[in-house]
Amino acid sequence: MTLLDPTLTPGHSGDDLIKEGTDASFMTDVIEASKHQPVIVDFWATWCGPCRTLGPALEKGVRAAKGAVKMVKIDVDANPAYAGQLRVQSIPTVYAFVDGQPVDGFQGAIPDSQIKAFIDKLTGGQGGSTETAQLLELGEESLGLNDFGGAAQAFAHVLSIEPENEKAIAGMARVYLGGGDHEQALQTIAMAPQDSKEPTVQSVRAQLALAAKAPSGVSTELEAKVAADPNDHQARFDLAEAQSAAGDFQGAVDNLLHIIKADREWNEQAARKQLLVIFEAAGVSSDVAKDGRRRLSSILFS
């Protein structure tokens with residue numbers, strides 16, 4: 001299966017997040033732009049020492065917000081009009097604009113931690129861009145339609161913006177899983193931290209673990225064994241493993257619940273333990289997991 005290489009996707013340099021503004025462009029760059037997303041305005045001058053400290057720190061903070069906020073730099077010597085209207089009396093002075101109005105600000109150089117708090121307050125602590133969120137949503141929608149090429153493009157674009165985005169890493173791994181390329185899925189999900197708490201990362205790892213445990217092509221034989229002896233729990237368990245490896249989570253859940261209902265302690269609760277792995281692989285909020293947990297509770301507490 002040939003997919004888009006994330007390294008070949010046009011990147012997002014972040015340069016469009018920060019620009020040099022003028023009095024002539026203020027209405028467009030600040031007032032109008034802030035109606036779509038917050039804009040930070042840095043009033044500075046070339047002769048100002050603290051400005052040389054604050055400016056790069058602000059730019060770093062804006063880039064770290066990954067598109068949640070933009071920044072416009074105004075040299076007050078060359079562009080005094082709006083600085084005068086906003087009563088900028090000392091520099092550096094920073095204003096934050098939302099919906100065309102100044103909503104927050106500060107004067108002087110401040111530490112990185114305060115800059116981050118200022119930006120987080122302004123953006124609501126989004127921790128990611130609207131563009132990224134839209135691309136992730138598009139990728140999920142494409143996966144739901146089995147449009148693996150479209151999903152790959154969306155997730156790869158996110159990774160070109162945020163190379164460590166765990167949802168996008170998991171998304172690309174799911175694309176490879178959907179195409180039957182388990183080896184590439186393993187290599188892709190390895191890009192995520194080993195201790196990741198991201199549900200989609202955990203789901204992919206659970207799916208790969210299930211696929212690695214069960215041999216393929218044995219379902220028909222196992223189905224025959226279960227049909228011949230419905231109380232052969234080992235055959236039913238092996239069948240559930242084969243089904244989960246093939247992505248038939250619902251079938252696997254049905255068979256494991258059958259074992260639990262018949263003998264919940266069988267093989268040191270192996271069926272129940274396997275069921276929890278399948279819930280994780282299917283996704284904790286998936287219909288398979290929610291229905292399976294409901295049915296499990298009904299058996300355990302009946």
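Helices (H or I, at least four residues) and strands (E, at least two) are DSSP runs, numbered from the N terminus. The structure is a predicted model, in which local features need pLDDT of at least 70 and side-chain atom pairs count only at pLDDT 80 or more, while totals for chains, interfaces and linings use all residues. Residues are numbered from 1 along each chain as its sequence is written, and side-chain values use heavy atoms, with hydrogens and water left out.

Two loop residues other than glycine have a positive phi. Lys66, in the loop between H2 and strand E3 (70-75), has a phi near 55 degrees. Lys66 counts as partly exposed because its relative accessibility is 32%. Asp99, in the loop between E4 and E5, also has a phi near 55 degrees. With a relative accessibility of 53%, Asp99 counts as exposed. A further loop, between H3 and E4, holds Pro92. The peptide bond that joins Ile91 and Pro92 is cis, with omega about 0 degrees.

Helix H4 comprises residues 112-123. The expected span of a helix is 1.5 Å times one less than its number of residues. For the 12 residues of H4 this gives 16 Å, in agreement with the 16 Å between its end C-alpha atoms. Ile115, Phe118, Ile119, Leu122 and Thr123 are the buried residues of H4. Viewed down the helix axis, these buried residues fall within an arc of 120 degrees (taken from the directions from the axis to the C-beta atoms), so they line one face of H4. The face turned away from the buried side carries the exposed residues Ser113, Lys116 and Lys121. Packing is described through contact, which means heavy atoms within 4.5 Å. The buried residues of H4 pack against strand E2 (39-44), helix H2 (49-64), strand E4 (93-98) and strand E5 (101-107).

Helix H2 contains Gly55, which counts as buried because its relative accessibility is 5%. When neighbours within four places in sequence are left aside, Gly55 is in contact with Asp42 and Met71. Gly55 and Ala109 are 54 residues apart in sequence, yet their C-alpha atoms are 8.6 Å apart in space.

Aromatic rings were examined next. Rings of Phe, Tyr and Trp (its six-membered ring) pair if their centres lie within 6.5 Å; planes under 30 degrees apart count as stacked, over 60 as edge-to-face and the rest as tilted. Five aromatic pairs are found in a search of the whole structure. Phe26 and Tyr82 form a stacked pair, with 4.1 Å from centre to centre and 10 degrees between the planes. Phe26 belongs to helix H1 (residues 26-32) and Tyr82 to helix H3 (residues 81-85), so this pair ties together parts that are 56 residues apart in sequence. Both Phe26 and Tyr82 are buried. An edge-to-face pair is formed by Phe106 and Phe118, at 5.0 Å centre to centre and 90 degrees between the planes. This pair links Phe106 in strand E5 with Phe118 in helix H4, 12 residues apart. Phe106 counts as buried at 15% relative accessibility, and Phe118 counts as buried at 8%. Ring pairs also link Phe26, Tyr82 and Phe97 into a cluster.

The nonpolar cores are sets of buried Ala, Val, Leu, Ile, Met, Phe, Trp, Tyr and Cys residues joined through side-chain atoms within 4.5 Å. The largest has 25 residues, of which Phe155, Met172, Val175, Ile189 and Val204 touch the most other members. Helix H5 (130-144), helix H6 (148-161), helix H7 (166-178), helix H8 (182-189) and H9 each supply at least two residues of this core. A second, separate core of 23 residues includes Ala270, Phe279, Leu296 and Leu300.

Just after H13, Gly283 takes a positive phi of about 110 degrees.

Terms used:
Buried means under 20% relative accessible area, exposed over 50%, partly exposed in between (1.4 Å probe, protein chains only).
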